[in-house]
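Student: I would like to go through one model feature by feature. Please give the general idea each time, then the case at hand.

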Amino acid sequence: MVFPKMTRICNHFQMFFSTHYAGISLGIRLGERESWKKVFGSVFIYLNSVEDESPLELWADAKEQITDLVVNITKHKMLPKHETLSAEEQQSLLNKLDVQPDQIPRMLVTDPIVKYYRLEKGQILKVTYDGPSTGAIVTYRCVM
């Protein structure tokens, strides 16, 4: 079945069909005598953040970005508070504790919090745990 380039949904909305960016394999396919049921939801605008512009890399990056939007891990009740430190705050902390960044407990670049805040290696996070019996406990993590 061939779809028009544009279908009017109502007076205010229009839907465009195109396989230009995603390819034919991701286009709408219907069997014979199969009706098209319109399903509308949120709009996701993809901003390319991958240097390799192969379709598979772009698709993987888009899926990762939409997952980050759908599941906001920072809103979980059991997650401690994470704060990124500025360069000055990091240097002040290292001087105060008289340590090097590699002597601070580590947090891997693959950690969901690191990905969420788009942190880079060497950045330091202040992690505050707040429990009913212990009160606030502050620790630091260096992204490695």
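The dialogue below covers the sheet, one histidine and the aromatic rings.

Student: What kind of model is this, and how are residues numbered?

Tutor: This is a predicted model: local features need pLDDT of at least 70, side-chain atom pairs count only at pLDDT 80 or more, and totals for chains, interfaces and linings use all residues. Residues are numbered from 1 along each chain as its sequence is written, and side-chain values use heavy atoms, with hydrogens and water left out.

Student: How do I read the order of strands in the sheet?

Tutor: Strands are DSSP runs of E with at least two residues, numbered from the N terminus, and two strands pair if DSSP finds at least two bridges between them. Here four strands form an open sheet in the order β3-β5-β6-β4, with mixed pairing. Because β3 and β4 stand at the edges, each with a single partner strand, one side of each has no neighbour in the sheet.

Student: Which pairs of strands run parallel, and which antiparallel?

Tutor: Strand β4 (residues 106-107) runs parallel to β6 (residues 135-143), joined by two bridges. Strand β5 (residues 124-131) pairs with β6 in the antiparallel sense over eight bridges, and these two form a hairpin with three residues between them. The pairing of β3 with β5 is antiparallel too, over four bridges.

Student: Which residue of β6 stands opposite Arg-106?

Tutor: Cys-142 stands opposite Arg-106. Cys-142 is also the bridge partner of Ile-124. In β5, Thr-128 stands opposite Lys-81.

Student: Where do side chains point in a strand?

Tutor: In a regular strand they alternate between the two faces of the sheet. For a case to look at, take His-82, which lies in strand β3 (residues 81-84).

Student: Is His-82 buried or exposed?

Tutor: Buried means under 20% relative accessible area, exposed over 50%, and partly exposed in between (1.4 Å probe, protein chains only). His-82 has a relative accessible area of 12%, so it is buried. Not counting residues up to four places away in sequence, His-82 touches Met-107, Ile-113, Tyr-117, Leu-125, Lys-126 and Val-127, where contact means heavy atoms within 4.5 Å.

Student: How do I read an aromatic pair?

Tutor: Rings of Phe, Tyr and Trp (its six-membered ring) pair if their centres lie within 6.5 Å; planes under 30 degrees apart count as stacked, over 60 as edge-to-face and the rest as tilted. The structure holds one such pair. Tyr-116 and Tyr-117 form it edge-to-face, 5.1 Å centre to centre and with 90 degrees between the planes. Tyr-116 is partly exposed at 31% relative accessibility, and Tyr-117 is partly exposed at 34%.
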